[in-house]
Amino acid sequence: MQTVAVGHGEPYIRCVALHGYVEMVQSFGGDPEELLSEAGIKVHSLRDEEALVSWNRLGRAIELAAHKLKRDTFGLEWAFKMPLPYAGAGPVTLMAIQSRTVAEWMARVFQYWGYHTDSHRLQLI
């Protein structure tokens, strides 16, 4: 796994989280390369879904798209267009299929989560 746009100590997420961003920006007449570059993310980094990208830069890319495309709801629209099952959740979905109980599934998810992102933590309460 390569790190393509994460500064020292910055929270990260796998590039698969950007699935559909380029197409969505283009569908509204925007230039995804320009927006991603302004956010500090190189478009070529999206070729490797396992690469890590800064969680903060991802957020900035979404905010820039919303502002420059004049679509306040860009993030929501993008989320609703995510294919099901969501590509980034692939291993989590597989774990669910292979687990006998919800508790077993959650234990596996907690163990795997750091591979996907360190931008937020899961906690069973």
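1. Thr73 sits in the loop between helix 3 and helix 4. Helices here are DSSP runs of H or I with at least four residues, strands are runs of E with at least two, and both are numbered from the N terminus. Thr73 counts as partly exposed, at 41% relative accessibility. The cut-offs are under 20% relative accessible area for buried, over 50% for exposed and in between for partly exposed, with a 1.4 Å probe and protein chains only. Thr73 and Glu63 are 10 residues apart along the chain, and their C-alpha atoms are separated by 9.7 Å.

2. A word on the basis. The model is predicted: local features need pLDDT of at least 70, side-chain atom pairs count only at pLDDT 80 or more, and totals for chains, interfaces and linings use all residues. Residues are numbered from 1 along each chain as its sequence is written, and side-chain values use heavy atoms, with hydrogens and water left out.

3. Lys70 belongs to the loop between helix 3 and helix 4. Its phi is positive, about 55°, although Lys70 is not a glycine. Most residues other than glycine have a negative phi. Lys70 counts as exposed, at 72% relative accessibility.

4. Now the overall fold. The protein chain has six helices and three strands. From the N terminus on, the order is β-β-α-α-β-α-α-α-α. Of its 125 residues, 37% count as buried. Take the contacts between residues at least 6 apart in sequence: 68% join residues at least 24 apart. Contact means heavy atoms within 4.5 Å.

5. Helix 3 covers residues 55–68, 14 residues in total. From first C-alpha to last it reaches 20 Å, close to the 20 Å expected at 1.5 Å a residue. The expected span is 1.5 Å times one less than the number of residues. At the start of helix 3, a side-chain oxygen of Ser54 comes to within 3.2 Å of the backbone nitrogen of Asn56.

6. Which residues of helix 3 are buried? They are Leu58, Ala61, Leu64, Ala65 and Ala66. An α-helix has 3.6 residues a turn, so residues three or four places apart point the same way. The buried residues of helix 3 pack against strand 2 (12–14), helix 1 (21–27), helix 2 (32–39), strand 3 (52–54) and helix 4 (74–80).

7. Gly29 lies in the loop between helix 1 and helix 2. Gly29 is exposed, with a relative accessible area of 69%. Gly29 and Leu69 are 40 residues apart in sequence, yet 7.7 Å apart in space, C-alpha to C-alpha.

8. Leaving aside neighbours within four places in sequence, Glu104 is in contact with Gln98 and Ser99.

Key:
Polar contact = N/O pair within 3.5 Å; in protein donor to acceptor, adjacent residues only side chain to side chain.
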